[in-house]
Amino acid sequence: MKTSTTTTTTVPEMYETENDIPKSTRAELVTLINQRLADVVDLQAQLKQAHWNVKGPHFIGLHELFDKIAEDVESYVDMIAERIVQLGGVAEGTVRVAAARSRLEEYPLMIGDGSAHVEAVAKALSAFGREARVSIDEANALDDADTADLFTEVSRGIDKWLWFVEAHSQATK
(Lines give C-alpha, C1' and ligand atoms only; values in the text may rest on other atoms or scores of the structure.)
Protein backbone atom coordinates (compact mmCIF):
# COMPACT_ATOMS: atom_id res chain seq x y z
CA MET A 1 0.00 0.00 0.00
CA LYS A 2 1.12 3.51 -0.68
CA THR A 3 2.01 5.82 2.21
CA SER A 4 -0.59 7.89 4.02
CA THR A 5 1.18 11.24 4.10
CA THR A 6 -0.38 13.94 1.98
CA THR A 7 2.12 16.18 0.25
CA THR A 8 1.97 18.31 -2.84
CA THR A 9 4.39 20.48 -4.76
CA THR A 10 1.74 22.86 -6.05
CA VAL A 11 -0.85 24.92 -4.24
CA PRO A 12 -4.34 24.11 -5.52
CA GLU A 13 -6.37 26.80 -7.23
CA MET A 14 -8.83 28.26 -4.74
CA TYR A 15 -12.04 30.24 -5.14
CA GLU A 16 -12.68 33.18 -2.87
CA THR A 17 -15.03 32.36 -0.01
CA GLU A 18 -16.18 33.90 3.25
CA ASN A 19 -15.22 30.67 5.02
CA ASP A 20 -13.15 31.78 8.01
CA ILE A 21 -10.54 29.03 7.73
CA PRO A 22 -7.34 30.70 6.49
CA LYS A 23 -6.76 30.28 2.76
CA SER A 24 -3.43 28.51 3.25
CA THR A 25 -5.08 26.01 5.60
CA ARG A 26 -7.98 25.54 3.20
CA ALA A 27 -5.47 24.80 0.43
CA GLU A 28 -3.82 22.10 2.58
CA LEU A 29 -7.23 20.65 3.37
CA VAL A 30 -8.23 20.62 -0.31
CA THR A 31 -5.07 18.67 -1.15
CA LEU A 32 -5.80 16.18 1.64
CA ILE A 33 -9.45 15.78 0.73
CA ASN A 34 -8.75 15.44 -3.00
CA GLN A 35 -6.46 12.52 -2.17
CA ARG A 36 -9.30 10.83 -0.30
CA LEU A 37 -11.62 11.64 -3.21
CA ALA A 38 -9.32 9.72 -5.56
CA ASP A 39 -9.27 6.80 -3.13
CA VAL A 40 -13.05 6.71 -2.64
CA VAL A 41 -13.78 6.94 -6.39
CA ASP A 42 -11.45 3.97 -6.84
CA LEU A 43 -13.13 2.12 -3.96
CA GLN A 44 -16.56 2.61 -5.51
CA ALA A 45 -15.33 1.24 -8.85
CA GLN A 46 -13.75 -1.75 -7.11
CA LEU A 47 -17.04 -2.52 -5.39
CA LYS A 48 -18.88 -2.43 -8.69
CA GLN A 49 -16.22 -4.74 -10.17
CA ALA A 50 -16.96 -7.24 -7.40
CA HIS A 51 -20.73 -6.77 -7.80
CA TRP A 52 -20.62 -7.46 -11.54
CA ASN A 53 -18.29 -10.44 -11.43
CA VAL A 54 -19.03 -12.44 -8.27
CA LYS A 55 -19.93 -16.10 -8.84
CA GLY A 56 -20.60 -19.14 -6.73
CA PRO A 57 -23.14 -20.55 -4.30
CA HIS A 58 -23.51 -17.24 -2.42
CA PHE A 59 -23.86 -15.19 -5.60
CA ILE A 60 -27.09 -13.34 -4.89
CA GLY A 61 -26.21 -12.40 -1.32
CA LEU A 62 -22.77 -11.11 -2.25
CA HIS A 63 -24.00 -9.48 -5.47
CA GLU A 64 -26.57 -7.49 -3.48
CA LEU A 65 -24.17 -6.76 -0.60
CA PHE A 66 -21.46 -5.36 -2.89
CA ASP A 67 -24.05 -3.20 -4.68
CA LYS A 68 -25.40 -1.82 -1.38
CA ILE A 69 -21.88 -0.97 -0.21
CA ALA A 70 -21.17 0.73 -3.55
CA GLU A 71 -24.33 2.84 -3.08
CA ASP A 72 -23.19 3.97 0.37
CA VAL A 73 -19.69 4.67 -0.92
CA GLU A 74 -21.23 6.80 -3.68
CA SER A 75 -22.70 9.00 -0.95
CA TYR A 76 -19.20 9.31 0.56
CA VAL A 77 -17.85 10.34 -2.85
CA ASP A 78 -20.40 13.16 -2.92
CA MET A 79 -19.79 14.25 0.69
CA ILE A 80 -16.03 14.33 0.19
CA ALA A 81 -16.22 16.21 -3.13
CA GLU A 82 -18.67 18.74 -1.74
CA ARG A 83 -16.40 19.45 1.26
CA ILE A 84 -13.61 20.38 -1.17
CA VAL A 85 -15.86 22.87 -2.92
CA GLN A 86 -17.17 24.27 0.39
CA LEU A 87 -13.56 25.15 1.23
CA GLY A 88 -13.12 27.01 -2.08
CA GLY A 89 -11.31 24.21 -3.87
CA VAL A 90 -11.96 22.23 -7.02
CA ALA A 91 -13.07 18.63 -6.56
CA GLU A 92 -10.80 16.56 -8.79
CA GLY A 93 -12.92 13.44 -9.08
CA THR A 94 -12.61 12.12 -12.60
CA VAL A 95 -11.86 8.45 -13.13
CA ARG A 96 -8.52 9.32 -14.75
CA VAL A 97 -7.47 11.43 -11.77
CA ALA A 98 -8.58 8.70 -9.37
CA ALA A 99 -6.64 6.07 -11.30
CA ALA A 100 -3.47 8.19 -11.21
CA ARG A 101 -3.72 9.13 -7.52
CA SER A 102 -5.46 6.33 -5.66
CA ARG A 103 -3.54 4.75 -2.84
CA LEU A 104 -5.64 1.59 -2.92
CA GLU A 105 -4.16 -1.58 -4.33
CA GLU A 106 -5.35 -2.61 -7.78
CA TYR A 107 -8.44 -4.82 -7.63
CA PRO A 108 -7.80 -8.30 -9.06
CA LEU A 109 -9.77 -8.48 -12.30
CA MET A 110 -9.58 -12.20 -12.96
CA ILE A 111 -11.48 -13.51 -9.95
CA GLY A 112 -15.03 -14.77 -9.85
CA ASP A 113 -15.29 -16.93 -6.75
CA GLY A 114 -17.31 -15.30 -4.00
CA SER A 115 -14.71 -15.96 -1.31
CA ALA A 116 -11.98 -14.34 -3.44
CA HIS A 117 -14.18 -11.26 -3.88
CA VAL A 118 -14.92 -11.19 -0.15
CA GLU A 119 -11.18 -11.11 0.54
CA ALA A 120 -10.47 -8.46 -2.10
CA VAL A 121 -13.36 -6.23 -1.01
CA ALA A 122 -12.35 -6.57 2.65
CA LYS A 123 -8.80 -5.48 1.80
CA ALA A 124 -10.05 -2.47 -0.17
CA LEU A 125 -12.45 -1.41 2.59
CA SER A 126 -9.75 -1.83 5.23
CA ALA A 127 -7.23 0.22 3.24
CA PHE A 128 -9.70 3.02 2.64
CA GLY A 129 -10.82 2.96 6.29
CA ARG A 130 -7.21 3.38 7.38
CA GLU A 131 -6.79 6.36 5.04
CA ALA A 132 -10.02 7.91 6.35
CA ARG A 133 -8.75 7.63 9.94
CA VAL A 134 -5.44 9.25 8.96
CA SER A 135 -7.48 12.05 7.39
CA ILE A 136 -9.33 12.59 10.69
CA ASP A 137 -6.00 13.19 12.42
CA GLU A 138 -4.70 15.41 9.61
CA ALA A 139 -7.88 17.51 9.56
CA ASN A 140 -7.73 17.89 13.34
CA ALA A 141 -4.10 18.99 13.06
CA LEU A 142 -5.29 21.70 10.65
CA ASP A 143 -8.02 22.75 13.15
CA ASP A 144 -10.86 21.71 10.85
CA ALA A 145 -13.33 19.83 13.02
CA ASP A 146 -15.90 19.72 10.21
CA THR A 147 -13.61 17.80 7.85
CA ALA A 148 -12.51 15.56 10.72
CA ASP A 149 -16.17 14.89 11.51
CA LEU A 150 -16.91 14.08 7.86
CA PHE A 151 -14.12 11.49 7.83
CA THR A 152 -15.30 10.13 11.19
CA GLU A 153 -18.70 9.48 9.63
CA VAL A 154 -17.09 7.89 6.57
CA SER A 155 -14.78 5.75 8.71
CA ARG A 156 -17.66 4.54 10.85
CA GLY A 157 -19.61 3.52 7.74
CA ILE A 158 -16.64 1.78 6.14
CA ASP A 159 -15.97 -0.16 9.34
CA LYS A 160 -19.60 -1.31 9.38
CA TRP A 161 -19.36 -2.56 5.81
CA LEU A 162 -16.04 -4.24 6.52
CA TRP A 163 -17.74 -6.13 9.35
CA PHE A 164 -20.55 -7.21 6.99
CA VAL A 165 -18.07 -8.42 4.36
CA GLU A 166 -15.72 -10.18 6.78
CA ALA A 167 -18.64 -12.02 8.37
CA HIS A 168 -18.74 -14.06 5.14
CA SER A 169 -15.29 -15.48 5.79
CA GLN A 170 -15.13 -15.73 9.58
CA ALA A 171 -15.69 -19.13 11.14
CA THR A 172 -17.78 -19.61 14.23
CA LYS A 173 -15.92 -20.33 17.44
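In which helix is Asp78 found? In this predicted model, Asp78 belongs to helix 2, which covers residues 59-86. Asp78 gathers with Glu71, Glu74 and Glu82 in a surface patch of negative charge. Its relative accessibility is 43%, so Asp78 counts as partly exposed.

Ten salt bridges are found in a search of the whole structure. One of these pairs is formed by the side chains of Arg83 and Asp144, with an N to O distance of 3.0 Å. Arg83 is in helix 2, while Asp144 is in the loop between helix 4 and helix 5, so this pair ties together parts that lie 61 residues apart in sequence. How accessible are the two partners? Arg83 has a relative accessibility of 8% and therefore counts as buried. Asp144, at 2% relative accessibility, counts as buried too, because the cut-off for this class is under 20%.

A salt bridge also joins Glu92 and Arg101, whose closest N and O atoms are 2.5 Å apart. Glu92 is partly exposed, with a relative accessible area of 28%, and Arg101 is partly exposed as well, at 34%.

Within helix 4, Glu119 and Lys123 are four residues apart, which is about one turn of the helix. These two residues form a salt bridge in which the closest N and O atoms are separated by 3.2 Å. Glu119 is partly exposed, with a relative accessible area of 47%, whereas Lys123 is exposed at 55%. Salt bridges can also be followed through a network, in which Arg36, Asp39, Arg103 and Glu131 are linked.

Finally, a loop residue deserves a look. Asp113 is placed in the loop between helix 3 (95-101) and helix 4. With a relative accessible area of 43%, Asp113 is partly exposed. How far apart are Asp113 and His58 in sequence and in space? The two residues are 55 residues apart in sequence, and 9.3 Å separates them in space, C-alpha to C-alpha.

Technical notes. Residues numbered from 1 in each chain as written. Predicted model: local features only at pLDDT ≥ 70, side-chain atom pairs only at ≥ 80, totals over all residues. Heavy atoms only, no water. Patch = residues over 30% accessible without salt bridge, like charges linked within 9 Å, V, L, I, M, F, W, Y side chains within 5 Å. Areas by Shrake-Rupley, 256 points an atom, 1.4 Å probe, with all protein chains shown as cover. Salt bridge = Lys/Arg side-chain N within 4 Å of Asp/Glu carboxyl O. Lys, Arg positive; Asp, Glu negative; His and termini not counted. Charge placed at Lys NZ, Arg CZ, Asp CG, Glu CD. Helix = DSSP H or I, 4+ residues; strand = E, 2+ residues; numbered from the N terminus. Buried < 20%, exposed > 50% of the residue type's maximum accessible area, 1.4 Å probe, protein only.
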